Amino acid sequence: MTRHGKNCTAGAVYTYHEKRKDTAASGYGTQSVRLGKDAIKDFDCCCLSLQPCRDPVVTPDGYLYEKQAILEYILHQKTDIAKKMKSDSNLESKSGERAQVERFKTRESSIVSKPINPFTSGQGKEAGLLVTADSQSGAGTSAGTSSKADTAASLPSFWIPSLTPEAKPTLLKKPSKTVLCPMSGRPIKMNELITVRFTPLDPSLDRVALLTRQDRYVCAVTKDTLGNSLPCSVLRPSGAVVTQECVEKLIRTDMVDPVTGDKLAEKDIVMLQRGGTGFAGSGVTLKAKEARPVMQV
């Protein structure tokens, strides 16, 4: 379609291009856009620094990190947890003191007698005489008024200081001592990190020359070029990175590490998570959506 056809205003139908153009200009309706290569993290980049890893490690869930970055993150989280635990202990000591004060107040209130108001003491006696005199005549009306008075007394009032409702103390939860993974949200420990050893495409190249190339690493067994479009796995004993096809067709037949010869268990094969950062979808999600207001009749 030519440019004149896209901008035609004399057409008998409302074309799809005109609808998308008007939707983008109006600010209404959900917008969807396909993510480009710049929005997807490379498979050999750290999930925290988003840069190619010098000393890569992987979690049991398959998220790749730079060793220095993830250790700094764990230490920072432990320091933050120590601060929270210290503040929580201070709050517990203050709450204990407050509870002692409340118990003392309740004990003293039961011992000390309340002062008698001289302006209402005589009125109470006179009111008692009047009630005894008219008890037989106004029995029905007194029952209705007493129920109303009880209801009014039970309702809180914002104008009378003695009836003003008070805020109840909130229950403070004890902070957790567990350090969580920034990507999966599951507990993470230093001794669970697995060292990853990528096989370079050309071993003669130094690191700077290797990072400038688009194809940097290959499978340790089949020598296939690794990338975001190819699922990969890490073998725990050797740290070698192999393709998922190699795992299914070769390694799972005898469950032996082809690099070191060690026996493998199912937990020793960790699948690397592809793509996905804090700014884009993960895995095979290649489309981003932005929900905006919709005009409805």
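**Figure 1. Met255, a buried residue in the loop between α7 and β9.** Met255 has a relative accessible area of 16% and is therefore buried (buried means under 20% relative accessible area, exposed over 50%, and partly exposed in between, with a 1.4 Å probe and protein chains only). Its place is the loop between α7 and β9; helices (H or I, at least four residues) and strands (E, at least two) are DSSP runs, numbered from the N terminus. Although Met255 is not a glycine, its phi is positive, at about 55°. The structure is a predicted model, in which local features need pLDDT of at least 70 and side-chain atom pairs count only at pLDDT 80 or more, while totals for chains, interfaces and linings use all residues. Residues are numbered from 1 along each chain as its sequence is written, and side-chain values use heavy atoms, with hydrogens and water left out.

Figure 2. Strand β7 (residues 232-235) is joined to β8 by 3 bridges in the antiparallel sense. Ser233 has Val242 of β8 as its bridge partner.

**Figure 3. The open sheet β3-β2-β4.** This open sheet of 3 strands likewise shows antiparallel pairing, in the order β3-β2-β4. Its edge strands are β3 (64-66) and β4, each pairing on one side only. Between β2 and β3 there are 3 bridges, in the antiparallel sense. The bridge partner of Val57 in β3 is Tyr65.

**Figure 4. An aromatic cluster of Phe43, Phe198 and Tyr217.** The count of aromatic pairs comes to 2 (rings of Phe, Tyr and Trp, the last by its six-membered ring, pair if their centres lie within 6.5 Å; planes under 30 degrees apart count as stacked, over 60 as edge-to-face and the rest as tilted). The ring centres of Phe43 and Phe198 are 5.9 Å apart and the planes stand at 80°, so this pair is edge-to-face. It links distant parts of the chain, 155 residues apart: Phe43 lies in the loop between β1 (31-34) and β2 (56-58), and Phe198 in the loop between β4 (194-195) and β5 (199-200). Phe43 counts as buried at 9% relative accessibility, and Phe198 is buried with a relative accessible area of 15%. The rings of Phe198 and Tyr217 have centres 4.6 Å apart and planes at 25°, so that pair is stacked. Here too, distant parts of the chain are linked, since Tyr217 belongs to strand β6 (residues 217-218) and is 19 residues from Phe198. Tyr217, like Phe198, is buried.

**Figure 5. Arg216 and its surroundings.** Arg216 is found in the loop between α6 (207-211) and β6. Its relative accessible area is 10%, so Arg216 is buried. A polar atom of the Arg216 side chain lies 3.3 Å from the backbone oxygen of Arg213. Leaving aside residues up to four places away in sequence, Arg216 touches Asp42, Asp44, Thr199, Pro200, Leu201, Leu210 and Leu211 (contact means heavy atoms within 4.5 Å).

**Figure 6. Lys223 and Asp224 in the loop between β6 and β7.** Lys223 lies in this loop and counts as exposed at 52% relative accessibility. Phi of Lys223 is near 65°, a positive value in a residue other than glycine. Asp224, in the loop between β6 and β7, is partly exposed, with a relative accessible area of 34%. The side chains of Asp224 and Thr222 are joined by a polar contact of 3.1 Å (a pair of N or O atoms within 3.5 Å; within protein, one must be able to donate a hydrogen and the other to accept it, and residues adjacent in sequence count only if both atoms are side-chain atoms). Beyond four places in sequence, Asp224 touches Tyr217, Val218, Cys219 and Thr243. Asp224 and Thr243 are 19 residues apart in sequence and 7.8 Å apart in space, C-alpha to C-alpha.

Notes. Two strands pair if DSSP finds at least two bridges between them.
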